[in-house]
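Reader: I would like to go through this model and ask what the terms rest on. Please set each value against its definition.

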Amino acid sequence: MFETIRRLFQEGKLTEAGVEAAAMKGWITQEQVREIVEGRYGR
């Protein structure tokens, strides 16, 4: 799920709020939220 959310965020199809919502649903961790939003994976 992490890879999908990261890709959607990078493509602009998911906002930071959407990434946070995914964490609230338990799909990703807060650490993964930071990784996605801060762009550690090549944003």
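Reader: What makes α1 and α3 count as meeting?
Author: Contact requires heavy atoms within 4.5 Å. In this predicted model, F2, I5, R6 and F9 of α1 meet Q32, E35, I36 and V37 of α3. Helices here are DSSP runs of H or I with at least four residues, numbered from the N terminus.

Reader: Why are α1 and α3 called roughly parallel?
Author: Their axes, lines fitted to C-alpha atoms over the stretch in contact, are compared by N-to-C direction on a scale from 0 to 180 degrees. The axes of α1 and α3 cross at roughly 30° and come within 10 Å. Angles under 35 degrees count as roughly parallel, and α1 and α3 are therefore roughly parallel to each other.

Reader: Why are α2 and α3 called roughly antiparallel?
Author: The axes of α2 and α3 come within 9 Å and cross at roughly 160°. The label roughly antiparallel applies over 145 degrees, so α2 and α3 receive it. In this pair, E16, V19, E20 and A23 of α2 touch Q30, V33, I36 and V37 of α3.

Reader: How do you know how confident the predictor is in the protein?
Author: By pLDDT, its confidence in each residue, from 0 to 100. The mean for the protein is 93, and 91% of its residues reach 70 or more.
Author: The model is predicted, so local features need pLDDT of at least 70 and side-chain atom pairs 80 or more, while totals for chains, interfaces and linings use all residues. Residues are numbered from 1 along each chain as its sequence is written, and side-chain values use heavy atoms, leaving out hydrogens and water.

Technical notes
Helix = DSSP H or I, 4+ residues; strand = E, 2+ residues; numbered from the N terminus. Parallel < 35°, antiparallel > 145°, perpendicular 65-115°, else oblique.
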